Structure formats: C-alpha cells, structure tokens
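Grab a pencil and work through the exercises below before peeking at the solutions. Each one goes step by step.

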Amino acid sequence: MSKKTKKENKLLTGIVVIICMIIIIAFALTIPLLILVSFYYILLYTPGVTILKDNIYSNILLVVKFILLALIVLGIAQIISEKFLMKANIYNKTTKNIVVFVLDLLYVAVFTTVSHNIQVNLLGIILITIFITLSDILFTYVLYIVKKLEAIQRKRRKEKRRREIDNK
C-alpha cells in the first residue's frame, strides 16, 4: 500500500467515526425527549385528567416537574425496597412490584392534589399509576437484559484473549 492510500483510509475512518459519534449523540439526546413528549401526550389524552392551563410551555413544565419529582421520590423508595429484598425469588420481586405500585399510587394522588394546574379523578390516578409502574418494570427488565448481554460479551472477550494467548 502506498502512503497516499493509507492517508485516505485514515481520513475515511475518521469521517466514519465522527458520523457514528454524531448518530450516537443524537440518539442519546432524543430518547429523553421522546419519553417526555410521550408522557405529555399520554397525560393529555388520559380519561379523567384535565390540565387547566392552555399554555403548552406551562404544561410541559408541569410534566417535567412531575417526572423529576417522581424520579427522586420513587427512586429513593426503590432503593429502600431493594435493601429489604434478601433473596431475588419471584415472591420477593412480586411483593416489591406491588409496593412500588402502591407508592406510585400515593405519589400520583399527592402530586395531583397539591398541584393547582391539573385535575384528576380516580380513574385518571389509576391509569397514570399503571403507566408509571409498567414503565418502571419495563425499564428494570431492559437493564437486566443489558447486564446479561454485557456479561456474555465479557465472557466472549476472555475466551478470545485466551485463544490468542494459546495460539502464541
């Protein structure tokens, strides 16, 4: 290979790496935004939920407050409930999910009672709680699958290194 083709290959590799990084950063920024917008539309079209302000900015701000407070309050509650789980069997996981559902229900009821920008009846509270709990369970299992895939990938790397050492 000549020096010119090596330089061209390095340049093309650099361009491909930059494009890949831009795509990764774009996905990393759009996923939280999609979650926020989807939660806003679910909240807007849930039966039994009435947002009192017509201003879209104040409505989005209400949803952001709701999500941030939920992350803090329910995150602390999740950490505390994880501490009480001694064994990771199906009974303890089911109990933990029931406790999380009750805590979600309490959080939604208190937040909607204290907030003056939203009116929610009992059906709306239950539907929002179910959505939050299902999102939490889905997120937990996605993290579990990612950890398993990462462990499999680590195992394959170790095997590959071991084969490379054995071949030398």
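Predicted model: local features only at pLDDT ≥ 70, side-chain atom pairs only at ≥ 80, totals over all residues.

Residues are numbered from 1 along each chain as its sequence is written, and side-chain values use heavy atoms, with hydrogens and water left out.

**Exercise 1. Find the salt bridge and describe its setting.**

Step 1: Take the criterion, a side-chain nitrogen of Lys or Arg within 4 Å of a carboxyl oxygen of Asp or Glu. Searching the whole structure with it turns up 1 salt bridge.

Step 2: The partners are Arg154 and Glu150, with their closest N and O atoms 3.0 Å apart.

Step 3: Check the exposure. Buried means under 20% relative accessible area, exposed over 50%, and partly exposed in between (1.4 Å probe, protein chains only). Arg154 has 43%, so Arg154 is partly exposed; Glu150 has 40%, so Glu150 is partly exposed as well.

**Exercise 2. Work out whether Thr133 is buried or exposed, and which side chain it contacts.**

Step 1: Thr133 belongs to helix H4.

Step 2: Its relative accessibility is 7%, so Thr133 counts as buried.

Step 3: Now look for a polar contact: a pair of N or O atoms within 3.5 Å, where, within protein, one must be able to donate a hydrogen and the other to accept it, and residues adjacent in sequence count only if both atoms are side-chain atoms. The Thr133 side chain makes one with the side chain of Asp104, at 2.8 Å.

**Exercise 3. Describe two surface patches.**

Step 1: Patches are made of residues with over 30% relative accessible area and no salt bridge; like charges are joined within 9 Å, and nonpolar side chains (Val, Leu, Ile, Met, Phe, Trp, Tyr) within 5 Å. The areas come from the Shrake-Rupley method with a 1.4 Å probe, and for residues only the protein chains shown count as cover.

Step 2: A nonpolar patch of about 790 Å² is built from Leu11, Leu12, Ile15, Ile19, Ile23, Phe27, Ile31 and Ile35. Zoom in on Ile23, which lies in helix H1 (residues 3-44): its 43% relative accessibility means that Ile23 is partly exposed.

Step 3: Arg157, Lys158, Arg161 and Arg162 form a positive patch, and Lys158 lies in helix H4 (residues 122-167). Lys and Arg count as positive and Asp and Glu as negative, with His and the chain ends not counted. The charge is placed at NZ of Lys, CZ of Arg, CG of Asp or CD of Glu.

**Exercise 4. How far apart are the C-alpha atoms of Leu36 and Ile60?**

Step 1: Leu36 is found in helix H1, and with 18% relative accessible area it is buried.

Step 2: Leu36 and Ile60 are 24 residues apart along the chain, and their C-alpha atoms are separated by 8.3 Å.

Note on methods: Helix = DSSP H or I, 4+ residues; strand = E, 2+ residues; numbered from the N terminus.
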